[in-house]
Amino acid sequence: MAMLSKRRIRQMRTELKYNKGIIVAISFLLIIALLSVFAFLSPYDPDALDMLHKLEGPSAAHWFGTDDLGRDYLTRILYGGRISLLVGVVSMLISTFIGVTIGTAAGYFGGIIDNLLMRVVDILSSIPWMVLVTVVSIFLKPGLQAIILVIGLFTWMSIARLVRAETLSVKEREYVLYAKAMDQSNIFIILRHIIPSVLPTIIISATSDIANAIMIESSLSFLGLGVQQPMSSWGSMLNRAQSVLGKAPYMALIPGLMIIFTVFSFNKLGDLIRVFVEPKAIEK
Amino acid sequence: MARYIIKRILQALPLLIVISLICFMLIQLAPFDVIDTIAKPDMAPEVKEALKAKYGLDQPAYIQYIRWLRQMVSGNLGYSIVTHQSVAFDLAARIPNTILLILPSYLLALAISIVLGLAAGSKRGGRADKIIDTLCSIGMATPTFWIAMMLVYVFGYKFGIFPILGMHTLGQDNSLPDLLMHLILPTVVLTIGDLPGTVRFVRSSTISQYTEDYVMVQKAFGAGRAEILFRHVVKNVLLPVITLVGMSLPRLITGAFITESIFSWPGVGTYFITAIRSFDYPVIMSVMFFSSVMVILGNLLADICYCLVDPRIQAMR
């Protein structure tokens, strides 16, 4: 085991050495996470209106300019990042939890349970996600909780499929068969043996899930179906920017770049984790 | 093979039924009464009751469901709550507009993707591969609506080259050049939006083909790079692309929701988004029903095409 982890760390080092993009990505994520946590240190209130200084381009006082109500755009970007990241992480947790539960249950128990659960996955995957998520969102009161729930509850299908496939092979391994022969309870075997074995898959898809959730959130908020005013995310800021696009292109440019960098960085982070947990995949 | 196709169709049927049940249930759950789409608000309660009986809305749920399904299949999709217009009529007017937007951009993206994917995958790790792969990673992280906004700013506001709203300039409803001008920006956006995923798909399919034995054999016989690529690899790479095309069938309806709404393109997307905002349930459920049916049919079609093209699958069954 020690040998294995040494090799993994060595591989990670080489990967970091040859793939500078990953370092940039991770530093970006750290900075953006810190900035959105400490957003309150900004000298400006994100909701303070200043009609005398509205739609001003970037300047020394307002680095990212001001929006159509004179609010400091940098501060709003930071608070928006808070919401975007929060939605990404929390809905990832929800969808991973559901996906792992369904996936392990289907793979481990097999038979009718597997059949039933996978048909549910098939049905949910048959409805285009855009339609599914928007339809569900009209049944809930729009807002932060609604969007987190909608994304979390309806994006677990791919993770369930992956985990199920892995579970199918893991459950035939000797240590699981042995545990079964020892008459250990199913729940115990799943928690103790199955989930740790499929953990690499779970972590990799969880990382890309965050990126996905941020994308979905921004699309929904852009359409006005996501977080509601005065709260804003990068997506809803883009929605707002649309109406003043001709006068203030920076208002559209900046949140978009933030989304791109963040999603790109989470995907890169996923690649790095893949190198760590699946050394064999890289050696090919 | 006929057996396989029949088996696949039989598998798809229950899925269709369940989807229709879900749509029906959502309509029942939605906080509105179907009778309101037919009756006028000032009607007497007795008249409303009579109308309810006439349309079978006083029947038990399962009878209503069968009735509703029969109507859906025969093309009667009910009436909008907001405009009291026939949903089928509105959709029929909008679907061609959406197809006009989606089809060219999809074909364009597919053609570009096949070229780029083959170029990247055939020289894995090369310079072209690295550039294409990085661009794909960035593209995957870029929201299409943001690309749309940037293009609208540059070409619409700044240089004023292309119109940014709708399908026609007022008063030029039948002018083809005008329509083409309106088409360009949204088409570019949709093409760019499609590229990263499709290029990646073709690229990884190409890479996996190069690990196959037949490539090694060809090399051993002294075949050139171009010969291996064009005479052998391309054919095998294009096979899985058929699956991809089949799975893209639902895009003909749902592929451009956000792009349409940015450009105010009068297609299914803007119709659906407007319906969502005004809680127009009959419209929402019709779009949901039809797009899901398209997904299932698309997957079915992809499987059948694949089976027809790839002799190995026929042999397996």
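## Basis and confidence

Residues are numbered from 1 along each chain as its sequence is written, and chains are lettered from A, with ligands numbered from 1, in the order in which they are written. Because the model is predicted, local features need pLDDT of at least 70 and side-chain atom pairs count only at pLDDT 80 or more, whereas totals for chains, interfaces and linings use all residues.

The model scores ipTM 0.85 and pTM 0.86.

## Overall make-up of the chains

Chain A contains twelve helices and zero strands. Both kinds of element are DSSP runs numbered from the N terminus: helices are H or I runs of at least four residues, and strands are E runs of at least two. The C-alpha atoms of chain A fill a box of roughly 75 × 50 × 30 Å along the principal axes. Of the 284 residues in chain A, 43% are buried. A residue is termed buried if 20 or more other C-beta atoms lie within 10 Å of its own, exposed if 12 or fewer do, and partly exposed in between, with C-beta atoms placed from the backbone.

Chain B has 14 helices and zero strands, and its C-alpha atoms occupy a box of roughly 85 × 60 × 35 Å along the principal axes. Buried residues account for 34% of the 317 residues of chain B. Contacts are counted between residues whose C-beta atoms, placed from the backbone, lie within 7 Å. Among contacts in chain A between residues at least 6 apart in sequence, 67% join residues at least 24 apart. In chain B, residues 24 or more positions apart account for 72% of the contacts with a separation of 6 or more.

## The interface

Across the interface, 29 residues of chain A are in contact with 32 residues of chain B. On the side of chain A that touches chain B, at least two residues each come from helix H4 (111-126), helix H5 (129-139), helix H9 (186-222), helix H10 (234-243) and helix H11 (250-277). H11(A) supplies the largest share, seven residues.

By class, this side of chain A has 19 nonpolar, nine polar and one charged residues. In this classification, Ala, Val, Leu, Ile, Met, Phe, Trp, Tyr, Cys and Pro count as nonpolar, Asp, Glu, Lys and Arg as charged, and the others, Gly among them, as polar.

## Core and packing in chain A

In soluble globular proteins, nonpolar side chains tend to be buried together. The largest nonpolar core of this model has 128 residues; such a core is a set of buried Ala, Val, Leu, Ile, Met, Phe, Trp, Tyr and Cys residues joined through C-beta atoms within 7 Å. The residues with the most contacts inside this core are Ile151(A), Leu238(A), Ile284(B) and Met288(B). Ile151(A) is one of the buried residues of helix H6 (residues 144-153) of chain A, and the buried residues of H6(A) pack against H3, H5 and H9 of chain A. Leaving aside residues up to four places away in sequence, Ile151(A) touches Val87(A), Ser91(A), Val133(A), Ala213(A), Ile216(A) and Glu217(A).

Helix H7 (residues 157-170) of chain A has 14 residues and reaches 20 Å from its first C-alpha to its last. This is close to the 20 Å expected at 1.5 Å a residue, where the expected span is 1.5 Å times one less than the number of residues. The buried residues of H7(A) include Met157(A), Ile159(A), Arg161(A), Arg164(A) and Glu166(A). They pack against helix H3 (73-109), H4, H8 and H9 of chain A.

## Selected residues

Asp183(A) lies in the loop between helix H8 (174-181) and H9 of chain A and counts as exposed because it has 6 C-beta neighbours inside 10 Å. His84(B) is found in the loop between helix H3 (61-73) and helix H4 (87-122) of chain B, and is exposed, with 12 other C-beta atoms within 10 Å.

Leu116(B) is found in helix H4 of chain B and counts as buried because it has 22 C-beta neighbours inside 10 Å. Not counting residues up to four places away in sequence, Leu116(B) touches Ile132(B) and Val199(B). The C-alpha atoms of Leu116(B) and Ala93(B), 23 residues apart along the chain, are separated by 36 Å.

Technical notes. Contact = placed C-beta atoms within 7 Å.
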